[in-house]
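Here's a quick briefing to read with the model open. Have a look at the fold, the surface and the rings as you go.

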Amino acid sequence: MKKNTRMDTASLQGLVKTLFYIFLFYYLFKFLMRLLAPYLVQQMAKKAEEHIKKQFDQQQYQSYQQNQNQQETKKEASKPTKQVGEYIDFEEVE
């Protein structure tokens with residue numbers, strides 16, 4: 001003899017219940033996303049703004065460092081060199 005269980009046959013009631021749950025979760029998700037979407041978009045915009053600001057600051061710092069290095073090399077180039085002694089121009093005598 002075969003034992004009859006709930007899994008043996010599909011019922012119309014089970015199908016309707018499943019479809020009801022699918023629609024319920026779909027509309028619940030849709031409703032929650034309408035409430036949460038502005039907050040999520042705002043948070044993403046804040047993160048993007050922070051990231052862009054960090055990149056900008058890093059770029060500014062790098063250009064500042066390059067300007068400092070260029071100024072230092074100009075100062076070093078414009079410094080008079082130490083003169084050890086007098087330069088005497090000799091002429092050849094015939």
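Helices (H or I, at least four residues) and strands (E, at least two) are DSSP runs, numbered from the N terminus. On that basis, the protein has 1 helix and 0 strands. This is a predicted model, so local features need pLDDT of at least 70 and side-chain atom pairs count only at pLDDT 80 or more, while totals for chains, interfaces and linings use all residues. Residues are numbered from 1 along each chain as its sequence is written, and side-chain values use heavy atoms, with hydrogens and water left out.

**Surface**
- Buried residues (under 20% relative accessible area, 1.4 Å probe, protein chains only) make up 0% of the 94 residues.
- The accessible surface (Shrake-Rupley, 1.4 Å probe) comes to about 10,700 Å², and carbon and sulfur atoms hold 59% of that.

**Aromatic rings**
- There are 3 aromatic pairs (Phe, Tyr or Trp six-membered ring centres within 6.5 Å; planes under 30 degrees apart are stacked, over 60 edge-to-face, the rest tilted).
- F20 and Y21 make a tilted pair because their ring centres sit 5.9 Å apart with planes at 55 degrees.
- F20, Y21 and F25 form one aromatic cluster.
- F20 is exposed (over 50%) at 52% relative accessible area, whereas Y21 is partly exposed (in between) at 41%.
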